[in-house]
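User: I have a structure to go through with you. Could you take my questions one at a time?
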2 protein chains.
Amino acid sequence: MTPGTDGPAPRRRGRPPRTARATGPDARTRILEAARTEFAERGYDKTSIRGVAKAAGVDAALVHHYFGTKDEVFAAAVEVSFEPALVLPEILEGPRQDLGERLARYFIGVWENPVSRAPMLATLRSALTHEAAARVLRGFVLRRLLERIAAELDVPDPTFRAELAASHMVGIAVLRYVIKAEPLASAEPEKIVAMVAPTLQRYLAER
Amino acid sequence: MTPGTDGPAPRRRGRPPRTARATGPDARTRILEAARTEFAERGYDKTSIRGVAKAAGVDAALVHHYFGTKDEVFAAAVEVSFEPALVLPEILEGPRQDLGERLARYFIGVWENPVSRAPMLATLRSALTHEAAARVLRGFVLRRLLERIAAELDVPDPTFRAELAASHMVGIAVLRYVIKAEPLASAEPEKIVAMVAPTLQRYLAER
């Protein structure tokens with residue numbers, strides 16, 4: 001038994017992990033935040049598990065332990081912006097006639113929050129420039145987020161419709177935050193929600 | 001007077017321009033096609049007027065003569081994919097109740113055509129990674145394309161609504177051609193048109 005390697009970190013040879021910050025209930029959160037920042041600032045290609053570990057002040061093995069491969073870290077870092085486990089059930093379980101409005105407000109909120117906007121834009125940038133990042137988005141994020149929404153829908157082709165809804169929100173983000181097309185870039189969030197909500201409502205709740 | 005410098009090319013010292021291909025009714029078209037290819041293959045940042053001129057087999061001065069700055073070449077190269085002068089009047093002047101359907105079919109058609117899709121994706125990629133390219137899209141393309149559409153609309157906030165419509169088409173392109181999210185990536189174009197047309201119709205023709 002090596003002292004100082006308790007907690008979920010796999011044991012490794014050589015230098016012992018920095019136990020002061022390496023474990024505990026906050027390590028996972030710290031890794032996620034570090035991953036979000038690293039991917040946002042460096043892009044998919046230049047981010048490494050080692051860099052994420054360093055920024056989080058933990059051992060790389062702990063990053064592997066919690067999240068697995070780099071692609072899985074990326075997926076988790078993207079997903080944390082949406083907090084789907086926290087927010088989606090509430091959105092999906094509310095009155096069906098306001099589903100489009102709740103989803104529009106939720107997505108605009110994710111984009112309006114600078115903390116989640118930066119990594120989201122970085123994700124989009126990575127997906128447009130690196131097939132590996134596109135593949136992760138396709139495989140992990142879309143499957144988890146959109147199929148979760150689609151599973152709750154009572155319409156034909158629910159995944160197709162959820163993708164159309166998502167595509168609209170992605171496109172709004174591109175024109176509003178990246179290209180900064182006016183007047184969309186300066187419009188009040190609620191003005192956008194008011195126009196977009198009936199679109200999402202039709203895609204997700206009307207046959 | 002220097003012989004061999006007739007036509008629209010500004011005169012330059014030293015080696016005379018390659019007159020055989022340098023002028024004539026096709027030079028402008030050749031420059032546009034070369035610009036489209038160069039921007040698509042190299043991105044906004046790495047494309048130069050000189051490179052476009054070389055690819056088109058003309059003198060760089062002729063590129064300047066026809067299009068002005070690099071930004072203006074970029075805008076023209078993007079715009080040629082939409083052929084707005086050719087197609088937009090027809091779309092906008094048709095029956096108002098089918099406007100959304102005509103526009104949806106037009107945009108999907110531009111994206112479905114590999115000849116225009118590659119430069120469009122390159123444009124999007126450039127706009128997401130280079131503020132200069134985003135600025136050009138914002139200034140030239142959106143102004144020319146969207147305000148042309150907006151000018152024909154009889155709704156409040158026509159530019160805002162035209163931007164919402166455009167955002168949807170941009171987002172569909174990202175999910176369908178870049179992230180390749182299924183089933184959207186493999187859906188028949190007409191299936192997308194059928195779902196999206198009422199959205200564009202509401203944005204562009206309903207108060």
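This is a predicted model: local features need pLDDT of at least 70, side-chain atom pairs count only at pLDDT 80 or more; totals for chains, interfaces and linings use all residues.

User: Turning to Arg36(A), where is it found?
Analyst: Arg36(A) belongs to helix 2 of chain A, which spans residues 27–46.

User: Is Arg36(A) buried or exposed, and why?
Analyst: Arg36(A) counts as buried because its relative accessible area is 8%, and the cut-off for buried is under 20%.

User: What is Arg36(A) in contact with, leaving aside neighbours within four places in sequence?
Analyst: Its contacts are Ala77(A), Val80(A), Ser81(A), Val115(A), Ser116(A) and Pro119(A).

User: Which residues of chain A does the "DNA-binding region" annotation cover?
Analyst: According to the unreviewed UniProt entry, that annotation covers residues 48–67 of chain A. The span is 80% helix and 0% strand, with its end C-alpha atoms 13 Å apart.

User: Now chain B. At what angle do helix 7 and helix 10 pack?
Analyst: In chain B, helix 7 (residues 99–112) and helix 10 (residues 158–178) pack at about 35°, and their axes are 11 Å apart. The crossing of these two helices is right-handed.

User: Which residues make the contact?
Analyst: Helix 7 of chain B contributes Ala104(B), Phe107(B), Ile108(B), Trp111(B) and Glu112(B), while helix 10 of chain B contributes Met169(B), Ile172(B), Ala173(B), Arg176(B) and Tyr177(B). By class, this contact has 8 nonpolar, no polar and 2 charged residues.

Terms used
Residues are numbered from 1 along each chain as its sequence is written. Chains are lettered from A and ligands numbered from 1 in the order in which they are written. Side-chain values use heavy atoms; hydrogens and water are left out. Axes are lines fitted to C-alpha atoms, for helices over the stretch in contact, and angles run from 0 to 180 degrees between N-to-C directions. Helices (H or I, at least four residues) and strands (E, at least two) are DSSP runs, numbered from the N terminus. A crossing is left-handed if the near helix is turned anticlockwise from the far one by less than a right angle, and right-handed if clockwise. Contact means heavy atoms within 4.5 Å. Ala, Val, Leu, Ile, Met, Phe, Trp, Tyr, Cys and Pro count as nonpolar, Asp, Glu, Lys and Arg as charged, and the others, Gly among them, as polar. UniProt positions are given in the numbering used here, feature names are shortened, and annotations may be inferred rather than shown by experiment. Buried means under 20% relative accessible area, exposed over 50%, partly exposed in between (1.4 Å probe, protein chains only).
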